[in-house]
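Please check each of them against the structure shown below.

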Amino acid sequence: MRIISGRAKGLKLIAPDGMDTRPTTDRVKESIFNLLIPYLPAGSVLDLFAGSGAMGIEALSRHCEHCVFVDNNRAALDVIHKNIEKARFSENADIFQGDALSFLSSRVEGFDIIFLDPPYNKGFLTPVIEKIFEKHLLSDDGIIVCETEVNGEIYSGGDFKCVKQAKYGKVCVSIYKYA
């Protein structure tokens with residue numbers, strides 16, 4: 001796992017041990033960021049269900065101003081801290097331990113890009129996206145980037161519309177904007 005482009009290009013990142021975290025492969029990450037070119041750089045980014053922090057760190061490497069990383073797994077948070085320090089982005093990052101819905105419920109400021117990579121098919125996706133809408137945590141021109149399993153859980157509410165979707169092997173990436 002490495003940083004694909006930008007200020008930290010080529011930097012190798014570490015991933016949490018075990019099966020609790022499913023890091024986004026370099027190929028999928030590169031494809032996602034190719035889709036995001038019109039939205040970069042962004043001011044504020046949220047990496048929810050952050051795992052290793054690779055998505056948020058990639059955004060920072062590509063000149064996004066600030067990223068908030070959230071995960072409920074202590075081992076994942078330790079890895080995120082190490083990866084951010086290694087990339088020298090500590091001043092541009094905030095890290096929170098906790099579950100996604102509690103974090104979103106406590107927020108008042110929004111984000112330009114929100115990365116969602118929840119555990120597959122566990123029922124997190126729709127409640128999280130509904131909370132983002134309820135709290136208006138996405139800027140008016142912002143996007144939500146969801147990574148899900150092909151033929152798995154999808155968001156089908158009417159608050160956001162899917163503006164792009166791509167499949168990479170077993171992974172489906174969907175980009176949502178306000179409807």
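1. Which residue in S7 does glutamine 165 stand opposite? Glutamine 165 stands opposite serine 174, and the two strands concerned, S6 (160-168) and S7 (171-178), pair in the antiparallel sense over eight bridges. Pairing here requires that DSSP finds at least two bridges between two strands. S6 and S7 form a hairpin with two residues between them, and glycine 169 in the turn has a positive phi of about 65°.

2. On provenance, this is a predicted model, in which local features need pLDDT of at least 70 and side-chain atom pairs count only at pLDDT 80 or more, whereas totals for chains, interfaces and linings use all residues. Residues are numbered from 1 along each chain as its sequence is written, and side-chain values use heavy atoms, with hydrogens and water left out. Helices (H or I, at least four residues) and strands (E, at least two) are DSSP runs, numbered from the N terminus.

3. The sheet is open and is formed by seven strands in the order S3-S2-S1-S4-S5-S7-S6, with mixed pairing. Its edge strands are S3 (93-97) and S6, each of which pairs on one side only, and the twist averages 15° from one strand to the next. S4 (residues 111-116) pairs with S5 in the parallel sense over five bridges; the bridge partner of isoleucine 113 in S5 is isoleucine 143.

4. Helix H1 (residues 26-35) lies across S4, S5, S6 and S7, and runs at about 140° to S6. The axes of H1 and H2 (residues 54-61) come within 11 Å and cross at roughly 45°; axes are lines fitted to C-alpha atoms, for helices over the stretch in contact, and angles run from 0 to 180 degrees between N-to-C directions. H1 and H2 are therefore oblique to each other, given that angles under 35 degrees count as roughly parallel, over 145 as roughly antiparallel, 65 to 115 as roughly perpendicular and the rest as oblique.

5. At the contact between these helices (contact meaning heavy atoms within 4.5 Å), Lys29, Ile32 and Phe33 in H1 meet Ala54, Met55, Glu58 and Ala59 in H2. By class, the contact of H1 with H2 has five nonpolar, no polar and two charged residues, where Ala, Val, Leu, Ile, Met, Phe, Trp, Tyr, Cys and Pro count as nonpolar, Asp, Glu, Lys and Arg as charged, and the others, Gly among them, as polar.

6. The peptide bond from leucine 40 to proline 41 is cis, with omega near -5°, and proline 41 lies in the loop between H1 and S1 (44-48). Phenylalanine 49, in the loop between S1 and H2, has a positive phi of about 60° although it is not a glycine, and arginine 88, in the loop between H3 (74-87) and S3, likewise is not a glycine but has a positive phi of about 65°.

7. What is the accessibility of these two residues, buried or exposed? Phenylalanine 49 is buried, with a relative accessible area of 19%, while arginine 88 is exposed, with a relative accessible area of 74%; buried means under 20% relative accessible area, exposed over 50%, and partly exposed in between (1.4 Å probe, protein chains only).

8. Leucine 101, in helix H4 (residues 100-106), counts as partly exposed at 32% relative accessibility. Leaving aside its neighbours within four places in sequence, leucine 101 is in contact with Pro127, Val128 and Lys131.
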